[in-house]
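Hi everyone, thanks for coming.

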Amino acid sequence: MDAINALVAFLNFVFIPGLSYGAQLALGALGVTLIYGILRFSNFAHGDTMAFGTMVTILATWGLQSQGVSFGPLPTALLALPIGIAATAAFVLATDRVVYRFYRRQKASSTMVVIVSLGVMFVMNGVIRFIIGVDEQNFSDGARFVINPQEFRAATGLAEPLAIKTTQAVTVVAAVIVVAFLFWFLQKTRTGKSMRAFSDNEDLALLSGINPDRVVAVTWILAAGIATIAGTLYGLDKSFKPFTYFQLLLPIFAAAIVGGLGNPLGAIAGGFVIAFSEVMVTNAWKKIATYLLPESMAPDTLVQLLSTDYKFAVSFTILIIVLLFMPTGIFKGKAL
């Protein structure tokens, strides 16, 4: 029985949080790798693009809730997502027209465009804080659990209750749908094939009659949609705070680089590598160890390698190691 309790504790504190967090990072890394693979620069404003989309979704959610609209056991924010995606897509397209297009036509180096994206990041961050403030916002509603811990404990008689939050289940399901749609779009549609051709060889794609402006616009729209979904899912699962999304930029880029920058499959794999690494290193293993070890060997400390305050140090360390020994990532993306 203790072994089963240990398994349930592992699911509660490691596997399920790692799975949902990994799905969020994977979606964030997909947006980064899409921009890098097609537009040829690392978009440091991506974290704030996620925050902007989430902010609009929150405002739309509050509007729906004020009208008495809900989504039953699911979060109302899912109904507001299309509004957030549309607003974010419009914002990034306007940003591309006002800012990035000039540097693209000047054939500016990728380093120059990265610096420009830093400026865009600071502007977006200021706009977001001005509109919604700097305080933490909780906008999740609907049923709290898919598997209620008290009901699970009563049904099984185990000491350790299994808890699966609705937001965690929604995150994983939504991530699967988004990834499936993106791969279908890139592989099966004419526009997706044009984007892949543009990414592989820009000059040859232009000679083949591919419209570069259309490819750029579709890329920004896809990246904005994925960023909004990723940011909203993260905000539902944790909470929304503008500065948190700025901090997410490190694990998201680490995920993209670990998997292989420019490789969508690598972005997904990298997201889960970073997420489970962070969760496992910062998890307090005392409870699991207590179930598995004899009472005389039960640990007195938390058995925690790092405090959760230092979780981003894990992704930073992994990022440095990968850049030093495997700069193209696990799936052989494009070297920095």
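Let's start with Asp237, which forms a salt bridge with Lys238, the closest N and O atoms being 3.1 Å apart. By salt bridge I mean a side-chain nitrogen of Lys or Arg within 4 Å of a carboxyl oxygen of Asp or Glu. Before I go on: this is a predicted model, so local features need pLDDT of at least 70 and side-chain atom pairs count only at pLDDT 80 or more, while totals for chains, interfaces and linings use all residues. Residues are numbered from 1 along each chain as its sequence is written, and side-chain values use heavy atoms, with hydrogens and water left out.

Back to Asp237, whose side chain also meets that of Lys165 in a salt bridge, at 3.6 Å from N to O. Asp237 lies in helix H9 and Lys165 in strand E2 (residues 164-165), so this pair ties together parts that are 72 residues apart in sequence. Helices here are DSSP runs of H or I with at least four residues, strands are E runs with at least two, and both are numbered from the N terminus.

How accessible are these partners? Asp237 is buried, with a relative accessible area of 8%; Lys165 is partly exposed at 26%, and Lys238 is partly exposed at 34%. The cut-offs are under 20% relative accessible area for buried, over 50% for exposed, and partly exposed in between, with a 1.4 Å probe and protein chains only. Through shared partners, salt bridges join Lys165, Asp237 and Lys238 into one network.

The count of salt bridges comes to four, and one of them is between the side chains of Asp96 and Arg104, at 2.8 Å from N to O. Asp96 is buried, with a relative accessible area of 8%, whereas Arg104 is partly exposed at 30%.

On a 1 Å grid over the protein atoms alone, a cavity is a set of points where a 1.4 Å probe fits but cannot get out; a pocket is an open set with protein on both sides within 12 Å along at least five of seven lines; lining residues have an atom within 4 Å of a point. Grid points are joined across faces, edges and corners, and a volume is the space filled by probe spheres set on the points.

The largest pocket holds about 610 Å³ of space, and of its 27 lining residues, the closest to the centre are Pro17, Lys165, Gln168, Asp237 and Lys238. H1 gives the most to this lining, six residues.

The second largest pocket, at about 490 Å³, brings Arg104 back: among its 21 lining residues, Leu39, Arg104, Arg105, Lys107 and Glu202 lie nearest the centre. Here H3 gives the most, with five residues.

And how many cavities of 30 Å³ or more are there? The count is three. The largest has a volume of about 50 Å³, and its lining includes Asn43, Thr49, Val92 and Trp220. The second largest cavity, about 40 Å³, is lined by Asn43, His46, Thr49, Val92, Trp220, Ala223 and Ala224.
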